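Hi there,

Here is the structure I promised to pass on. Have a look at it first, and my notes on what I found follow below.

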Amino acid sequence: NMNHAKSIGLHNKAGENNNKSKLTNQQVLEIRQLCSKKTFKQKELAEMYGVDFTQISRIVNNKNWKHI
């Protein structure tokens, strides 16, 4: 059962452990830092990191990549 596998650490597909992830944990931290300092707009960060604007917004608002 998947819940059991997750609870004992056998199934960890969060963040960069997910084979479909376009970002690393470090990049997510950089995105949050750059956004909090108002260095770049979210749309600019999306272009820089090659992801959709929606993904940047979800990262900054802690809806995605919550484990970091």
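A polar contact here is a pair of N or O atoms within 3.5 Å, where, within protein, one must be able to donate a hydrogen and the other to accept it. Please keep in mind that this is a predicted model.

With that cut-off in hand, let me start at asparagine 64, which sits in the segment after H4. Is asparagine 64 buried or exposed? Its relative accessible area is 19%, so asparagine 64 counts as buried, the limit being under 20%. Its side chain has polar contacts with two others: one of 3.0 Å to the side chain of arginine 58, and one of 2.9 Å to the side chain of glutamine 55. Setting aside neighbours within four places in sequence, asparagine 64 is in contact with Arg32, Gln55, Arg58 and Ile59.

Arg32 from that list deserves a paragraph of its own. Arginine 32 belongs to helix H2 and is buried, with a relative accessible area of 16%. What does its side chain reach? A polar atom of the arginine 32 side chain lies 3.0 Å from the backbone oxygen of isoleucine 59. Not counting residues up to four places away in sequence, arginine 32 touches Ile59, Asn62, Asn64, Trp65, Lys66 and Ile68.

Asparagine 61 is another residue of the segment after H4. Asparagine 61 is partly exposed, at a relative accessible area of 44%. A polar atom of its side chain lies 2.9 Å from the backbone oxygen of serine 57. Asparagine 61 and arginine 32 are 29 residues apart along the chain, yet 8.9 Å separates their C-alpha atoms.

Now to the helices, beginning with the one that holds arginine 32. H2 covers residues 25-36, twelve residues in total, and spans 17 Å from first C-alpha to last, close to the 16 Å expected at 1.5 Å a residue. Which residues of H2 are buried? They are Val28, Ile31, Arg32, Leu34 and Cys35. Viewed down the axis of H2, these buried residues fall within an arc of 170 degrees, so they line one face of the helix. An α-helix has 3.6 residues a turn, so residues three or four places apart point the same way. The buried residues of H2 pack against helix H3 (42-49) and helix H4 (53-60). After H2 comes lysine 38, which has a positive phi, near 60 degrees.

How do H2 and H4 pack? Their axes are 9 Å apart and meet at an angle of about 80 degrees, which makes H2 roughly perpendicular to H4. On the H2 side of this packing are Val28, Ile31, Arg32 and Cys35, and they meet Ile56, Ile59 and Val60 in H4.

H3 has a buried side as well, made up of Gln42, Leu45, Ala46 and Tyr49. These four cover an arc of only 105 degrees around the axis, which puts them on the same side of H3. Among the elements that cover the buried residues of H3 are H2 and H4. On the face of H3 turned away from its buried side you will find the exposed residues Lys43 and Glu47. H3 is followed by glycine 50, whose phi is positive, near 70 degrees.

Definitions and conventions: Residues are numbered from 1 along each chain as its sequence is written. Side-chain values use heavy atoms; hydrogens and water are left out. Helices (H or I, at least four residues) and strands (E, at least two) are DSSP runs, numbered from the N terminus. The expected span of a helix is 1.5 Å times one less than its number of residues. Buried means under 20% relative accessible area, exposed over 50%, partly exposed in between (1.4 Å probe, protein chains only). The arc is that of the directions from the helix axis to the C-beta atoms. Contact means heavy atoms within 4.5 Å. Axes are lines fitted to C-alpha atoms, for helices over the stretch in contact, and angles run from 0 to 180 degrees between N-to-C directions. Angles under 35 degrees count as roughly parallel, over 145 as roughly antiparallel, 65 to 115 as roughly perpendicular and the rest as oblique.
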